[in-house]
Amino acid sequence: LGVCIMTMVLFLEDTWYLLNLFCQSIGFYLQWVIQLGFHCDAFELSTGSYGAAARGREYEDLGGDGPAQWMDWWTIFYWGWWISWSPFVGMFIAKISKGRTLR
């Protein structure tokens with residue numbers, strides 16, 4: 001069903017635009033995935049964001065500028081989440097695939 005819908009959209013819409021968008025998106029992802037994966041915005045965290053008050057981005061409950069604060073806690077939280085859950089996910093996959101083989 002999914003392949004059918006994808007094929008219909010590809011041929012009933014602007015095909016060249018969709019193919020160009022697909023190629024450009026894959027290229028953009030491959031170009032930036034490593035850099036964005038390790039981006040923690042160290043300069044903004046050390047000095048604060050320029051113009052945060054003017055943009056309405058000062059959040060008192062977060063202890064500072066919203067984007068910098070969010071980048072700081074989200075990156076660490078995401079790493080911690082996957083590090084802490086990876087053994088359980090591995091055991092779950094091993095348990096449900098026990099005795100199964102590829103044909």
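Some ground rules. Residues are numbered from 1 along each chain as its sequence is written, and side-chain values use heavy atoms, with hydrogens and water left out. Because the model is predicted, local features need pLDDT of at least 70 and side-chain atom pairs count only at pLDDT 80 or more, while totals for chains, interfaces and linings use all residues.

The protein chain has five helices and two strands, in the order α-α-α-α-β-β-α. Helices are DSSP runs of H or I with at least four residues, strands are runs of E with at least two, and numbering starts at the N terminus. Of its 103 residues, 7% count as buried, meaning under 20% relative accessible area with a 1.4 Å probe, protein chains only; exposed is over 50%, and partly exposed lies in between.

Now α2. Its 23 residues should span 33 Å at 1.5 Å a residue, and the end C-alpha atoms are 32 Å apart, so the two agree. The expected span is 1.5 Å times one less than the number of residues. There is also a kink of about 40 degrees centred on Gln 31, taken as the angle between axes fitted to the seven residues ending there and the seven starting there.

His 39 sits in the loop between α2 and α3 (42–47). Its relative accessibility is 34%, so it counts as partly exposed. Thr 75 is 36 residues from His 39 in sequence, yet their C-alpha atoms are 8.6 Å apart.

Which residues line the largest pocket? They are Met 6, Val 9, Leu 10, Leu 18, Leu 19 and Phe 22. Both α1 (2–12) and α2 (15–37) give two or more residues to that lining. A pocket here is an open set of points on a 1 Å grid where a 1.4 Å probe fits, with protein on both sides within 12 Å along at least five of seven lines; lining residues have an atom within 4 Å of a point.
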